[in-house]
Structures are given as structure tokens and as C-alpha cells.
Amino acid sequence: MNPAYAELVAKINRWDHEYYVLDNPSVPDADYDLAFRKLLEFEAENPRLITPESPSQRVGAKPIEDYVKVEHKVRMLSLANAFSIEETYAFFEKAARELDLDVSALAIFSEPKLDGLAVAIHYDDGIFSYAATRGDGQVGEDVSHNIKTIKSVPIKLAIDPPPKKLEVRGEVFMTKAGFEKLNQAAQKNDSKVFVNPRNAAAGTVRQMDPKIAAERDLQFIPYGIGEYDGERQFTLHSEIIDYLNDIGFRKNVNCQAFSGDFKHFECNYQVMEHLREQLPMEIDGIVYKIDVLELQNTLGFIARSPKWAVARKFPAQNASTRLLDVDFQVGRTGVLTPVARLEPVFVGGVTVSNATLHNMDEIERLALEIGDSVEIQRAGDVIPKVVRVVERGNERHAIEMPEYCPVCGSSVERTPGQSAFRCTGGLICAAQGAERIRHYASRKCMNITNLGTRLIEVLYERGTLKNIADIYDLKASDIASLEGQGEKSALNVLDSIEISKSTKLGTFLAALGIHEVGEEGAKNVANYFKTLDAIQAASFDDLLKVPDVGPVTAQHLVDFFKDAYNKGILEKIIAAGVNWPEQPANPEQPQMLSGQTWVLTGTLERMTRQEAKALLESLGAKVAGSVSKNTDCVLAGVDAGSKLAKAEALGVEVIDEATFLTRFNPLLETHQDG
């Protein structure tokens with residue numbers, strides 16, 4: 001093997017291990033990307049030298065046409081279940097009697113029971129050979145093409161000399177974050193939505209095309225070994241887990257060893273039940289095993305399960321009930337969310353009578369109607385949700401989105417291309433009031449520093465603040481009389497309100513919270529029209545002339561400014577003294593960077609990045625947050641990191657601060673003076 005190529009393969013595999021197994025990367029993404037590109041270039045030029053342990057071999061195999069059956073040389077057994085501490089303790093009492101020991105003398109090893117798909121991964125002389133599902137315990141299916149794509153599965157074991165044969169058994173699963181990302185993409189593409197992470201993981205492993213598996217967040221954590229032919233000998237199951245971690249696999253960090261006292265089982269279960277919702281993956285119980293391998297061998301098996309291990313299951317978090325009705329709640333941004341009213345059912349330790357239905361697209365996907373029997377799912381403190389229809393009701397009624405907002409009576413509209421229905425009431429809708437005030441006062445908007453979220457909520461609940469204009473009517477007595485406040489606090493709030501009155505037109509426009517009009521969009525509109533009067537008078541076609549303003553944003557702007565209630569709010573705010581510098585109607589500032597995309601990185605020493613961004617935007621440039629092939633130039637300051645490396649790799653022009661100032665200094669002075 002070419003020494004440089006072998007070193008590159010080993011280096012990238014080591015980086016993969018650090019990132020996907022240890023969660024402790026030692027190099028920035030840019031360095032990794034450059035090394036991987038170098039690897040691919042070498043292999044493209046020297047295909048005969050490609051080694052099986054190359055990280056490039058994880059992805060790229062052709063889709064399989066059918067699954068090959070694989071016979072397990074050591075049976076893959078399932079576990080007996082226990083549903084209480086008493087049942088768990090009784091299981092090990094029975095095992096202890098058979099071993100002629102006291103149960104407290106047993107060394108117990110506990111592992112969170114990952115909710116995924118059991119697979120066996122085989123290595124020959126330390127190199128990945130094949131992987132198979134559990135199947136019926138005797139025969140599984142070869143899923144090597146997909147398991148190889150999992151970055152936490154080593155292609156080559158980190159041990160020398162490696163065992164001649166090693167079968168690593170464990171669970172393939174999908175993280176909660178990966179599952180949410182997968183389903184969000186599925187909903188966006190109008191494709192299949194998975195019920196839970198376990199189904200998503202199982203469905204992914206059974207894909208014919210490995211490229212699909214490579215795109216999804218599959219993980220693997222081992223729980224033991226099957227076939228084994230190696231020098232290392234083991235006396236404890238916990239030693240096997242440590243050994244697997246040493247040779248390249250992730251370790252389940254929530255494992256614990258303890259003696260077989262009843263109180264230890266009870267304490268362990270309570271701790272894991274508490275940690276359950278904080279874990280990045282789903283678990284559905286705890287597996288308890290006798291740690292000493294000699295005792296495991298003495299006990300042996302019955303039917304399809306071992307006599308030395310049991311799965312203590314958590315209470316069911318899914319249950320079925322009947323959908324009685326659907327209400328629509330108006331959120332703080334005006335989105336109407338359907339909420340299922342259910343026949344009360346006990347699930348996950350609580351009685352559930354309400355569940356979210358997300359949106360009308362989800363109702364359509366479920367083919368759900370009032371009167372149906374449904375399955376609901378509850379996970380900890382997360383709002384329960386309806387996951388599927390179990391049985392169609394005899395008397396069914398269609399679920400329809402209301403035409404008018406149930407809070408303010410304004411019309412409800414659906415933005416083309418989006419799933420959300422929104423109340424068009426805007427500032428008039430009480431359901432959106434507190435959030436709109438909080439947004440208006442926030443640091444990125446009017447920056448009313450002492451008017452915090454909690455104070456806004458209290459004032460809103462009392463009726464002192466009903467809309468954003470009411471901020472300017474606040475009196476010291478309105479605040480000083482509140483619990484936890486006082487005269488000094490009240491004066492601080494009034495001072496910050498007074499200071500905030502001097503602002504910028506773009507900032508004020510963004511603060512109004514017009515749907516689809518963010519910070520950048522508001523700035524573009526303000527720079528184009530120069531005055532609030534011109535913006536209010538602008539037609540739909542006029543607004544489309546503004547850079548980066550599309551039909552949806554243009555329509556929201558038109559609708560907002562033609563509303564009589566909104567106009568009244570604006571008049572009151574302006575009358576209160578909110579102001580901004582007038583901009584010349586025809587600025588002489590040249591738009592020499594129009595159409596260009598720039599990126600800022602690192603620390604600038606002679607100007608702030610905000611000043612540099614403002615200058616570039618005034619010259620017509622778009623300032624992006626990341627480097628791509630469409631980037632025209634990168635301004636790199638001190639300690640520039642991965643963005644600089646990526647720009648150099650893509651051949652994007654890079655200039656330092658001195659060059660930037662030389663090139664644009666006269667314009668910078670004009671910009672600062674203006």
C-alpha cells in the first residue's frame with residue numbers, strides 16, 4: 001500500500017472516531033473536508049489501490065436487488081421482560097437460587113435499552129466483513145451495504161493484532177434530533193413520515209440503496225459479542241463493553257454496575273427514568289445482566305431468552321382513545337394549531353385529554369376525522385401527539401379550518417406553499433399581543449433594554465399593555481406598583497423607552513413583526529424607499545422591485561399597511577416621538593458591488609464587523625454567513641478559521657483588512673459621515 005495513502009486513510013478514520021464515537025473532534029471541518037477530498041482524488045487516479053478500510057468505502061455501493069439470508073453462528077436471543085421492580089428482583093432471586101447464591105451476592109450490570117434495531121457486525125482479522133439483522137434469532141438478513149455507512153461503526157478495528165473473528169452485537173438507532181430532521185424533510189417533500197425513531201431506524205436499515213442510509217442520522221452502540229476468536233479473554237460482561245470501546249465503538253455512557261440488593265435496582269431505575277427525556281436517543285427500558293460470564297454460562301438459556309438477563313420496561317407511552325373534537329389555538333405569531341380533544345386515557349403516568357395535531361397537512365396525512373379511534377404518544381413533558389388512526393368511527397365528521405380567527409374574528413389565510421394557516425389580524429389580535437410587544441422591544445429591534453419578557457407579560461395580563469403603541473403611554477406608577485419592581489426600576493424602564501425612540505427606519509420596520517419581513521428584508525425595503533410614507537404608499541409591484549423581496553413578502557407588506565388598525569398604531573407611535581434620520585432620495589453612494597456576495601470572518605482591528613457589513617451593503621453587496629462557490633470575496637481578519645480555509649479550497653478571493661481599507665477607505669469615510 002502507498003505509505004502516504006495509508007497514512008491518509010488512518011488519519012481520516014481516526015478523525016471519524018473522534019467525531020462520531022468520542023464526540024471530541026480534534027480538527028476543524030475544513031481540515032477534514034480537504035483531507036477527504038485529497039483521499040478521493042488519489043483513489044480516482046489509483047482505483048486498484050483502494051483499501052477496504054478506506055472511509056470512502058462507507059458510501060457509494062450500488063443498491064442491492066434483494067436481501068441475502070445469513071445464518072447466525074451463535075443464536076441472537078431476545079430478552080424476557082419485567083414491568084416492575086418486584087418482577088425484576090424476583091427474576092434475579094430465581095437465578096441466585098439456581099446458582100446457590102444469595103441475590104445480594106450477584107454482580108449486576110445495567111444498560112439503557114436502546115429503542116432501535118438489533119444487528120450483528122462481523123469482522124475478519126479486524127476488517128469489516130458483513131452485518132446482519134437479528135431476524136428470527138437463527139437467520140437474519142445481510143444489511144452490510146447500509147451498516148457500513150454508519151460513521152460510528154469502524155471499518156477497521158483499532159487493535160493490533162486484531163481478533164481473527166469478532167461478531168459485535170448492538171443496536172442501530174436514530175437520535176431524536178435526527179428523527180425530527182428526517183420527518184421535517186419528509187413533510188416538506190410530501191413523502192412518508194415515520195411514527196417514531198425506532199421505525200425510522202428499522203426502515204432505513206432495510207433500504208435497498210445505501211445512499212439513503214448515508215443521508216440519515218443512524219448510530220450504533222454495542223451491547224455484547226457473539227462469535228469470537230481472539231487473544232483477549234474476558235471474565236465479566238462489563239470488560240467486553242470496555243474492550244469494544246477501546247477498539248473503536250461507542251460506549252453507552254449510562255451503564256452502571258451494582259450488587260443485587262432490592263434498593264439498588266430501585267435506585268437505578270429511578271435515576272434512569274429521570275434521565276430518559278434528557279438523552280439524545282429514545283430508550284424504552286433498562287437491561288439488567290449478571291456481570292460474571294461464568295455464572296451466565298452456568299445458567300444458560302430457556303427457549304428464546306437467557307436466564308441471566310432481563311429487560312425492565314418503562315410504562316407504555318402509547319395508548320388508544322377516541323377523538324371527540326378539534327379546537328384551534330392561535331399562537332403568538334398568529335399560526336392556528338389544531339388541538340385534539342380526546343376521551344381521557346391514562347398513558348405515560350398521566351391522564352391525557354388533549355393532543356397536538358400540528359397542522360392541517362398532518363390531519364390530511366392521517367386521514368383523520370372526528371369520531372375516529374386514534375393512537376396517541378406521550379414522551380415525558382412533551383405535548384402528546386396523535387400518531388395514527390386505529391379504527392374509523394361509525395359517525396365521522398370532517399375537520400375543517402375556521403375561516404375566521406377564534407380570538408379576534410379576523411380572516412384566516414394560508415400562505416401559498418406553506419402548511420401554516422395564520423390569523424390576518426396582526427396587531428389587533430389579542431393572542432399575538434404579548435409576543436409582538438416582546439419582539440418590538442427586543443435587542444435586535446427597538447432595544448428597550450429594561451422592558452423584559454416577564455414584565456411585558458405581567459403588563460399585558462393586567463391590560464396596561466395591549467399593543468406596541470401602549471409602550472409609549474407607560475407611567476412610572478404602572479411599573480413601580482408591580483411585585484419585584486420599584487420607583488428606580490420604573491424610571492429605568494422609562495429611560496430605556498425614551499432612548500429607543502431614536503432608531504433607524506429599517507430597524508423600526510423589522511420591529512413591527514410583519515410576517516416574512518425579517519431584519520435583512522426590512523433593511524432592504526427601508527434602503528429602497530427611504531421613508532415610511534413611501535413604504536406605506538408602495539404597491540405590490542413597487543415592492544417587488546426591492547432586492548430579495550418576493551411575492552409573498554410583498555403581499556404581507558401591502559396587507560399590513562392598508563389595515564386601518566395598523567395605521568392607527570403607527571400614527572400613535574410616531575406621535576410619541578419615535579424617529580430616524582432622513583435618507584436622501586437619490587444617494588450618490590455608488591452601487592459598485594451590486595450582485596456580489598461577501599463573507600466576513602475573523603476579528604477586524606480598525607473597524608467593527610458591523611461597520612464593514614454596513615459598508616458592503618451600502619455598496620450593493622449581500623453579506624452571507626457562510627462560504628460557498630457563489631461567494632465573490634471573503635474579508636478575513638485576525639484568527640480567521642474554517643471559513644477562510646473553505647474559501648481557499650474553493651478558490652474564492654480573500655482580502656485582509658488593510659486591502660479592504662485601501663480599496664474602500666474613501667467610501668468608508670462617506671458612509672460614516674452619512
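This briefing describes selected helices, strands and backbone features of the structure shown above. The model is predicted, so local features need pLDDT of at least 70 and side-chain atom pairs count only at pLDDT 80 or more, while totals for chains, interfaces and linings use all residues. Residues are numbered from 1 along each chain as its sequence is written, and side-chain values use heavy atoms, with hydrogens and water left out. Helices (H or I, at least four residues) and strands (E, at least two) are DSSP runs numbered from the N terminus.

**The pair of helices α3 and α9**

- The axes of α3 (residues 85–98) and α9 (residues 262–275) come within 10 Å and cross at roughly 135 degrees; axes are lines fitted to C-alpha atoms, for helices over the stretch in contact, and angles run from 0 to 180 degrees between N-to-C directions.
- Helix α3 contributes I85, E86, T88, Y89 and F92 to the contact, and α9 contributes F262, F265 and E266; contact means heavy atoms within 4.5 Å.

**The four-stranded sheet**

- An open sheet is formed by four strands with parallel pairing, in the order β22-β21-β23-β24; two strands pair if DSSP finds at least two bridges between them.
- The edges are held by β22 (622–624) and β24 (653–656), each with a single partner strand, so one side of each has no neighbour in the sheet.
- From one strand to the next, the twist averages 30 degrees.
- Strand β23 (residues 633–636) runs parallel to β24 and is joined to β24 by four bridges; V634 has V654 of β24 as its bridge partner.
- Helix α22 (residues 609–618) lies across β21 (597–601), β22 and β23, at about 175 degrees to β21.
- Helix α23 (residues 642–650) also packs on the sheet, where α23 touches β21, β23 and β24 and makes about 140 degrees with the direction of β21.

**Backbone features in loops**

- A cis peptide bond, with omega near 0 degrees, leads from D160 to P161; P161 is in the loop between α4 (144–147) and β7 (165–174).
- D100, in the loop between α3 and β3 (107–114), has a positive phi of about 60 degrees although D100 is not a glycine.
- D100 counts as exposed at 70% relative accessibility, whereas K530 is buried at 14%; buried means under 20% relative accessible area and exposed over 50%, with a 1.4 Å probe and protein chains only.
- K530, also not a glycine, has a positive phi near 75 degrees and lies in the loop between α17 (519–529) and α18 (532–537).
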